[in-house]
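Have the structure open while you read.

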Amino acid sequence: MLLEAHREGCPEEVAIIAAALSLRDPRERPPDKAAQADRAQASFLHPDSDFLTLLNIWRAYHGTPGSPLSAGRQRRFCHEHFLSHGRMREWGFIHDQILSILEEQGLPAPPAVRREISPPVYAAIHRSVLTGFLSNIAVHKEKSLYQAAKGREVMIFPGSGLFGKARPWIVAAEIVRTSRLYARMAARIEPAWLEELGG
């Protein structure tokens, strides 16, 4: 993912996403406050990509490049938005480690610039993500059901921003079995990307 992101020109965004995928989701949803947590986190949701939902959480937690949130405000932000402060800090540490490794490999990320997620930037980020999860692609079948690789039938996880929205093709960070087979951490993709990246 990170090597492709370097080629695609989006290493900063993908480093944030890659760091998030290596730890437990920082979002919390206490059973007695589930509706309140959903409301507090609704502003982060991206309609086409759970990966960009993570990016939205990161950006809100860190503030703008010229006006970062203080440690106290970050802690308060976590409390107000039902986020684990410990996991948010761990996310930051892992992100810094990824950037350090990339620099050691001669692939330094450019200075952080908060750019709008335009269609070309969306494509670059998700082509990069796709390289890491080519076996977790799926095509829409009916309602919330998708046909995944190896003949598996999967459903978008109910906590996803894509749940209940039919997207022709998706990629998921993981396909897990609980009460049924779920695609977790999913995003809309274009099928034309598959042939190029799968090669």
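Predicted model: local features only at pLDDT ≥ 70, side-chain atom pairs only at ≥ 80, totals over all residues.

Contact here means heavy atoms within 4.5 Å. The residues of α6 that are buried are His85, Arg87, Met88, Trp91, Gly92, Ile94, His95, Ile98 and Leu102. One thing to keep in mind while looking along it: an α-helix has 3.6 residues a turn, so residues three or four places apart point the same way.

As for its geometry, α6 covers residues 85-104, 20 residues in total, and its span from first C-alpha to last is 29 Å, close to the 28 Å expected at 1.5 Å a residue. Just past the end of α6 sits Gly106, with a positive phi of about 80°.

Now step back to the loop between α5 and α6, where you'll find His81. Is His81 buried or exposed? His81 counts as buried because its relative accessible area is 15%, and the cut-off is under 20%. Setting aside neighbours within four places in sequence, His81 touches Ala40, Gln41 and Phe44.

Then there's the largest pocket, with a volume of about 820 Å³. It is lined by 27 residues, and the closest to its centre are Asp25, Arg27, Phe157, Gly159 and Arg184. Elements giving at least two residues each to this lining are α2 (11-21), α3 (34-41), α4 (50-62), β6 (169-177) and β7 (181-188).

| Class in the largest pocket's lining | Count |
|---|---|
| Nonpolar | 12 residues |
| Polar | five residues |

Conventions
Residues numbered from 1 in each chain as written. Heavy atoms only, no water. 1 Å grid on protein atoms, 1.4 Å probe; cavity = no way out; pocket = protein on both sides within 12 Å on 5 of 7 lines; lining within 4 Å. Points joined across faces, edges and corners; volume = space filled by probe spheres on them. Helix = DSSP H or I, 4+ residues; strand = E, 2+ residues; numbered from the N terminus. Nonpolar A, V, L, I, M, F, W, Y, C, P; charged D, E, K, R; others polar. Expected span 1.5 Å × (residues − 1). Buried < 20%, exposed > 50% of the residue type's maximum accessible area, 1.4 Å probe, protein only.
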